[in-house]
Amino acid sequence: MAEFLRVLTDNWSLYSQGFTNTVKLFLVAAVGSLVLGTLLGAMRVSPVPALRAFGATYVNVLRNTPLTLVFAFLVFAVPKLDVNIDYLPAAFLALTLYTSAFVCEVVRSGINTVATGQAEAARALGMTFLQVLGSIVLPQALRSMVPPMMSVFIAMLKNTTIAAGFSVLEAGAIPAYMSERGEPQFAVLLWITIGFLILILPLVVLQRFLERKLAVAR
Amino acid sequence: MRITRVAAATLMATLALTAAACGKEGTPAPSGAGNGSGAANGDTCQSSGATFTPASSVDLTGSPTYDKIKSAGKVVIGVKFDQPNLGYKDAQGKRCGFDIEVAQLIASKLGVDPAKIEYKEIPSANRETAIKGGEIDYYVGTYSITDKRKNDIAFAGPYFIAGQDLLVRKDESAITGKETLKGKKVCSAKGSTPIQRVRDEGLTEANNIVEFATYSECVSQLLDKKVDAVTTDDAILKGYAAQNSTDLKVVGKPFSTEKYGIGLPKTDKALRDYVNAQLAASFADGTWQKIYDGTLGKSGSPASPPALERY
Amino acid sequence: MTQATVLYDLPGPRARRRNAIIGVVSIAAIVGLIGWAVYRFWQTGQFEARKWEQFQYAAVQRELLAGYLATLKAAGIATVLALLFGALFAAARLSDRWILRAPATFVVELFRAIPLLILIFFGYYVPLQYGWSIDKLWALVIGLTLYNGSVLAEIFRAGINAVPRGQSEGAYAIGMRKNQVIRLILLPQAVRAMLPAIVSQLVVLLKDTALGFIITYPELLFVGKQIGGRLAFGLPYVPTYLIVAVIYIATCGLLSVLAWWLQKRMGRARKTSAAVLPTKDFGDAGRTAI
């Protein structure tokens, strides 16, 4: 037990640095994928076929590609095209590009859950497009989007660990450093697990709370 | 019925994939880079020409590792796969290089046909754990002998002495030695001795240290100008420089002494003594020299056998 | 799509004209984007024969095939084990006895919260720490099984719970025991509702085998890195990763088509009272599985 605690206290700076970067990656990529994903979602429900096709292609390509490959492509292949991205921005970008495909799907299926009759009734009342969107469709769609969106972000938080293979010092990179220092890996990994539980638990609690609060009978 | 159709479609897809794998035989010959460097011809693996006949009688008792090798009829050796002229695997899966041949030499002395060797690619960071866990019988792959590692495993050798150096782009003029690394991005393999030295001596800032699993990834990043120098033992760097002499060069001011040893299980003293004796024999009878000249020696610098350090 | 969606009315002549203009502009933008990418490829010599040449050789194709088979092997074993794990823990979570329910809930929730990479590290480093050799394949398979098995357990449980109460109440009323109710009444109906979500999770599992490269399991991405890192061929990372991506997308796409086909087939022969698992839990029939 003392040994177990020692692993954390002796390597505290590594752990705190690692998890700080994990949180940073998570926050930046969350904002990025929310913006890009919503944009793609808007494309997929737009009345313009070209935009719909582009959105669909993007989603299907990214969703069927391992995130690890997205990382590898950005770090090893893209520089060959004379486009230089540093490691941390590359990690942000990889997480954003990948996660936004899933955000897009949440947005699209959220909007599709709203019954057509709702908007038809609103239009019959003479509401404009923006009024229909702002007062009728989005308030209903957002409710059904929140829980799956939270799932996507929880998954993204866990996915940040993949950056470890691409020269970003985040929580997933800690085991390799510890192997160098000769620390017992079981304790090392247990502390990382605890760290992730601390980060994820509030998100899960929030998700369950919102799920209950936003539940609607349809 | 429907399930059958899906199964048939899957089968056909698999067959199509297999059928697609009918290409030209032989090894692709690299064009452009690497010509005229005197290195092993690009990706074609060329061995030194030394032959290793398995010993018919092995005088080794009290070694649990050897007993395991004997009863299994094969030996599992940890190696590197991406270091030209040292530990390399070519497109046809053939392995070659100095370390590989040393591994084969030892295997033959343990009575195992070099053809029966099972190679395992172990990244630098996992070497001690792999030896301790018995995943491999021994490790030959630019493995520096250090006191810290001796806590976990044992070393036979050294069988080669290298020094840490820097690989830079050909047009690089600012980096001339280890003192000039400040503010430059330096790349090396995760968990390797060289990157620990850079960190310990503070040769560059902590956030300028870049680590990947293998040196080839570092070399790729160097050519892409994402890092400014790759640091590790000169033997490894010369192998790369020889492969692309138009874009890369080795600075040529070694700032350490790395003694390459053969990593063995810590408690197996009988095996260690035996391997040391075999290394000594190969130093004396010219086998070592033949292996060196046919592999690492091609990158230009001569070498002679080091002095063994038995303990 | 000529039908009105929730967002837009059927377009009139003016809206049609406007949409056509936006369409042309966006096509131009997309073509421009692709053109720029192709130009960069061309300008940096990615289309040079030297970089692609080696893929014509059987030796290199065999390498790729070996990597692909290693990926399929890990995914195949992990799929079977994860389905078993999921079934076992879903059954435990549905049990009436808290002594089964509580630990199963704990295990499922825990493994869903740990990053898969960390689970794989547990499988890889910890046995080594105790002097116990483990094959990399199994380290990867253990990680994949624990994570995806836990997710599948949740899918199974939700699927069973999605069958309307009347079904089980009716079954209990005619004197069936819990075992019979689940086996004969709930499962057959739930399976149809769950299939798309299950297949989607299996796509996730297949993609996640790519994490094996970090512990140097020789799967497709690892092989790609080896081929791409050959200095003698001008570091052909770009062509190699493009080829690897196509293989992944084709394989996962095939599975996605299977999911879509299963879903369609269920829609046709609807002998179940259980709704296909709702968007709320699994997104577009599980396609938000990430």
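This is a predicted model: local features need pLDDT of at least 70, side-chain atom pairs count only at pLDDT 80 or more; totals for chains, interfaces and linings use all residues.
1. **Chain C against chain A.** Start with this contact. It takes 54 residues from chain C and 55 residues from chain A. On the chain C side, five helices each supply at least two residues: α1 (13-43), α5 (116-129), α9 (220-228), α10 (237-268) and α11 (279-282). The largest share comes from α10(C), with 10 residues.

2. **Make-up of that side.** What classes of residue does chain C bring to chain A? The side of chain C that touches chain A has 34 nonpolar residues, 13 polar ones and seven charged ones.

3. **Chain A against chain B.** Here the contact takes eight residues from chain A and 13 residues from chain B. Look at helix α8 (residues 174-181) of chain A. It gives three residues, the largest share of the side of chain A that touches chain B. By class, that side of chain A divides into three nonpolar, three polar and two charged residues.

4. An unreviewed UniProt entry places the feature "transmembrane region" at residues 20-42, 74-94, 106-125, 137-160, 181-204 and 241-262 of chain C. Two of these can be set beside the model. Residues 74-94 of chain C are 95% helix and 0% strand. The end C-alpha atoms of that stretch are 30 Å apart. Residues 137-160 of chain C are 100% helix and 0% strand. Their end C-alpha atoms are 33 Å apart.

5. **A sheet in chain B.** Three strands of chain B form an open sheet, in the order β2-β3-β4, with antiparallel pairing. Which strands sit at the edges? They are β2 (82-83) and β4 (95-96) of chain B, and each pairs on one side only. β2(B) joins strand β3 (residues 87-89) of chain B over two bridges, in the antiparallel sense. Within this part of the sheet, Gln83(B) stands opposite Gly87(B) in β3(B).

How values were computed
Residues are numbered from 1 along each chain as its sequence is written. Chains are lettered from A and ligands numbered from 1 in the order in which they are written. Two residues are in contact if their C-beta atoms, placed from the backbone, lie within 7 Å. Helices (H or I, at least four residues) and strands (E, at least two) are DSSP runs, numbered from the N terminus. Ala, Val, Leu, Ile, Met, Phe, Trp, Tyr, Cys and Pro count as nonpolar, Asp, Glu, Lys and Arg as charged, and the others, Gly among them, as polar. Two strands pair if DSSP finds at least two bridges between them. UniProt positions are given in the numbering used here, feature names are shortened, and annotations may be inferred rather than shown by experiment.
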